[in-house]
Amino acid sequence: RREGRFVSTGAIAGMVPFSTIAAHFLTASATSLVLVWLCRTAALRLGYVAQPGEDRWHSQPTALFGGVAIGVTVFGCLALVGDAWQPAALLVCAAAIFIVGLVDDVRPLEPFTKLIIEIALASVLLFFDYRLEWTGSLTVDSLLTIAWIVGITNAFNLLDNMDGLCAGVALIAGVTLLTAL
């Protein structure tokens, strides 16, 4: 049984030289920049755009599929780095929520449908023993884990209504976690 259900990047960072981490970061950043440009161009040409509306902050049609570029970058880099520390359940759930987001971009899903899928995926992670251990109570920690996963997923989904904000916040949070852990 592992300590700390959400694998600490600090443990990984402690075993890998900083130059390797920096090289992976720069490679992922460059790949992401190129793929975002390609996805944006394709989305504009194919007409996959978010129209301005009350729930959007932009005043012009904005290309969708930025998440595709980020997702392909993440999964591609993970495949290149190797799978020594990549838990399969975590990757499968991440891929599933990525697919839900892609489907939602192409054919918008009802919020309730997305919520049910998110709860189901969070429950899969619980089944594979990914759990916050904040209270010592299995029930309370399980409920907090589901709330955390669903809450973070929806927070990023809500940030996605402002072009580029979601990716910027994710970058800042990721760098902060990498350096803090």
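**Close-up views of a predicted model**

**View 1. Helices α3 and α4 side by side.** In this predicted model, helix α3 (residues 66-81) packs against helix α4 (residues 88-106) at an angle of about 160°, and their axes are 10 Å apart. An angle over 145° counts as roughly antiparallel, and α3 and α4 are therefore roughly antiparallel to each other. The crossing of α3 past α4 is left-handed. On the α3 side you'll find Gly 67, Val 68, Gly 71, Phe 75 and Leu 78, and they meet Leu 91, Ala 94, Ala 95, Phe 98 and Leu 102 of α4. Sorted by class, this contact has eight nonpolar residues, two polar ones and no charged ones.

**View 2. The whole protein, for orientation.** Stepping back for a moment, the protein has seven helices and two strands. Read from the N terminus, the elements go α-α-β-β-α-α-α-α-α. Of the 181 residues, 24% are buried. The protein exposes about 11800 Å², with carbon and sulfur atoms supplying 71% of that area. Now take the contacts between residues at least 6 apart in sequence: 55% of them join residues at least 24 apart.

**View 3. Helix α2 against helix α3.** Here α3 turns up again, this time with helix α2 (residues 18-46) as its partner. The two axes come within 8 Å and cross at roughly 145°. This crossing of α2 past α3 is right-handed. From α2, the contact uses His 24, Ala 28, Thr 31, Ser 32, Leu 35, Val 36 and Cys 39. From α3 come Gly 66, Val 68, Ala 69, Ile 70, Val 72, Thr 73, Cys 77 and Val 81. The class count for α2 with α3 is 10 nonpolar, five polar and no charged residues. Look out for Val 68, which takes part in the contact with α2 and also in the one with α4.

**View 4. Helix α4 against helix α5.** Next comes the pairing of α4 with α5, packed at an angle of about 170° with axes 9 Å apart. These two helices are therefore roughly antiparallel to each other. In α4, the residues involved are Ala 89, Leu 90, Cys 93, Ala 96, Ile 97, Val 100 and Asp 104. They meet Lys 114, Ile 117, Glu 118, Leu 121, Val 124 and Leu 125 in α5. This contact of α4 with α5 divides into 10 nonpolar residues, no polar ones and three charged ones.

**View 5. Lys 114 in helix α5.** Zoom in on Lys 114, which sits in helix α5. Is Lys 114 buried or exposed? With a relative accessible area of 15%, Lys 114 is buried, since the cut-off for that word is under 20%. Leaving aside residues up to four places away in sequence, Lys 114 touches Val 100, Asp 104, Leu 109 and Asn 157.

View 6. Most residues other than glycine have a negative phi. Phe 65 is not a glycine, yet its phi is positive, at about 80°. Asp 129 is partly exposed, with a relative accessible area of 22%.

Technical notes. Residues numbered from 1 in each chain as written. Predicted model: local features only at pLDDT ≥ 70, side-chain atom pairs only at ≥ 80, totals over all residues. Heavy atoms only, no water. Axes fitted to C-alpha atoms, helices over the stretch in contact; angles between N-to-C directions. Helix = DSSP H or I, 4+ residues; strand = E, 2+ residues; numbered from the N terminus. Parallel < 35°, antiparallel > 145°, perpendicular 65-115°, else oblique. Left-handed = near helix turned anticlockwise from the far one by under 90°. Contact = heavy atoms within 4.5 Å. Nonpolar A, V, L, I, M, F, W, Y, C, P; charged D, E, K, R; others polar. Buried < 20%, exposed > 50% of the residue type's maximum accessible area, 1.4 Å probe, protein only. Areas by Shrake-Rupley, 256 points an atom, 1.4 Å probe, with all protein chains shown as cover.
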